[in-house]
Amino acid sequence: MSYPRIIPCLLLGDDGLVKTEGFSKGRYIGDPMNTVRIFNEKKVDELVLLDINATRNGTEPNFKLIEKIATECRMPLSYGGGIKTYAAAERIISMGVEKVALSSAAIETPELVQEISSSLGRQSTVVVLDYKKNWQGRRVAYTHGGTRKVSGSVLDHVDNAVAHGAGEVVLYSIANDGAMKGYDLAFAEEISARVTTPLTFVGGAGSLDDVRALIDRCGNVGAGVGSMFVYKSALKGVLINYPNPDEKERVLAEYARKYLSGTRS
Amino acid sequence: MIGIIDYGLGNVEAFRVAYKRLGKASKRVKTAEDLADVTHIILPGVGAFDSAMDRFNASGLWPAVKDAVENRDVPLLGVCVGMQMLADRSDEGQLPGLGLVPGNIRLFSEGQHGRMLRCPHMGWNEVDATKETTLLAGLDQDRKFYFLHSYYFEPSDPDAELAQTLYGAPFSCAVGKGAVYGVQFHPEKSHEAGLTLLNNFSEL
């Protein structure tokens, strides 16, 4: 059976990779190409690259950089940020990026999700939903880097994304971004029980135990990790890292016991 | 010289980078003339079946590829949608496939493949050889590959199956007929196991 994916989630700012906290402006982490090369050596499951300024600044994706990164990557790559047209999505896929991610555009123009999904395939169509709790404790979606609240619950937007052909939904907790205090587990569990489309959760991972907790409760999902894979410790010195095979096996131990043993009959 | 078919869809450069790491020469194939000195052909593919077939048909490369495979015994490896294009037809589209490996492309369905099976099949999974083949040699230990697909290859002749992967139920993740091979997973994005497979292919 398939394995849960442990995914470094890289954020592209104006001059390189950055790491945000609660969708703040972001602290400079390093050069994207170098970082990708390090993740190649560490044999990561896949990579997510999100340009956090493109939509906010109203600019197009940085096609040149995306192509360089896609060529360098020895693992699958998802790219999101500033994709507003089918042509942009197709161009990115044709450069060798496995998946394109829509966020603001998926909410504003869901028919674009449908168009991309039907031509480029569902497996290459990702919708990223940024969310946080409102004063009533309901989780609501935001666009434009967490600056614009949209109506409807996150769950409605997930259903809508799937109905329009999304092959993966990424749920990004704005409040947990950079906090390193664990995933939004209750919500992750609720949503993974009701949606059969692949899901990836981002926001909150501070230790491999957090990743393990997510996988133990949700099963086969993607665990997106930002801060923990770019910082050495809670003191936040930059050091690109990723669990080695033994550490990974420990993270997946309970999952393997539940889902992998005895499935081969 | 390994030729990677460039018809506008698929990760041509990722294959070239992989072969560069292996110290083997490769080139991008855009025209029939480009195929002249090619000893191995890779047919990549991403996206929906019809859009991939449409683009490949429009490239005008088919007669030359067919000639290389059928008359010159040049090995061909279809990858992901490139593998699915080798079949006769797909449930995903209307256009006929290339018919190089007889079979149909089917959709994963929850009923067939167990409950709570996430679709598309996305992530790393094990490839178990069902036949002795050079393509899959040396992959007993490290045999996890990256999969990203909603449809899978159902060969008409069970003998064409080279390997299986379990996703709810087993499906054929690698097929072969003569010098034509297809793999559903992405060797170009599967770290060392992927390199081993691409190296095996170049030695066929």
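Between which helix and which strand of chain B is the place of Asp73(B)? In this predicted model, Asp73(B) is found in the loop that runs between helix 3 (62-72) and strand 4 (76-79) of chain B. The residue has a positive phi of about 55°, although it is not a glycine. Asp73(B) is classed as exposed because 10 other C-beta atoms lie within 10 Å, where 12 or fewer is the criterion.

A positive phi also occurs in chain A. Lys43(A), likewise not a glycine, has a phi of about 55°. Its position is in the loop between helix 1 (32-41) and strand 4 (47-51) of chain A. Lys43(A) has 16 C-beta neighbours inside 10 Å and therefore counts as partly exposed, a class that falls between the limit of 12 or fewer for exposed residues and that of 20 or more for buried ones.

Confidence estimates accompany the model. The predictor assigns the complex an ipTM of 0.93 and a pTM of 0.94. For chain B, the mean pLDDT is 93, and 97% of the residues of this chain reach 70 or more.

The contact between the two chains takes 29 residues from chain A and 29 residues from chain B. On the side of chain B that touches chain A, at least two residues each are supplied by helix 1 (12-21), strand 7 (121-126), strand 9 (144-149) and strand 11 (161-167) of chain B. Strand 7 of chain B provides the largest share of this side, with five residues. By residue class, the side of chain B that touches chain A comprises 14 nonpolar, eleven polar and four charged residues.

The bond from Cys119(B) to Pro120(B) is cis, with omega near 5°, and Pro120(B) lies in the loop between strand 6 (103-107) and strand 7 of chain B.

Helix 1 of chain B also packs within its own chain. Its axis and that of helix 5 (residues 191-202) of chain B come within 10 Å and cross at roughly 80°. The two helices are therefore roughly perpendicular, since the crossing angle falls in the range of 65 to 115 degrees. Helix 1 of chain B contributes Ala18(B), Tyr19(B) and Arg21(B) to this contact, while helix 5 of chain B contributes Gly194(B), Leu195(B) and Leu198(B). The residues of the contact divide into four nonpolar, one polar and one charged.

In soluble globular proteins, nonpolar side chains tend to be buried together. The largest nonpolar core of the model contains 145 residues, of which Leu47(A), Val100(A), Val127(A), Leu129(A) and Ala223(A) touch the most other members. Strand 1 (residues 5-12) of chain A supplies the largest share of this core, six residues. Beyond its neighbours within four places in sequence, Val127(A) is in contact with Leu102(A), Ala106(A), Val113(A), Ala161(A), Ala166(A) and Val169(A).

A further loop position in chain A is Gly58(A), which lies between helix 2 (54-57) and helix 3 (63-72) of that chain. Gly58(A) is exposed because 10 other C-beta atoms lie within 10 Å. Gly58(A) and Ile7(A) are separated by 51 residues in sequence and, C-alpha to C-alpha, by 27 Å in space.

Notes:
Residues numbered from 1 in each chain as written. Chains lettered and ligands numbered in written order. pLDDT = per-residue confidence, 0-100. Contact = placed C-beta atoms within 7 Å. Helix = DSSP H or I, 4+ residues; strand = E, 2+ residues; numbered from the N terminus. Nonpolar A, V, L, I, M, F, W, Y, C, P; charged D, E, K, R; others polar. Core = buried A, V, L, I, M, F, W, Y, C linked by C-beta atoms within 7 Å. Axes fitted to C-alpha atoms, helices over the stretch in contact; angles between N-to-C directions. Parallel < 35°, antiparallel > 145°, perpendicular 65-115°, else oblique.
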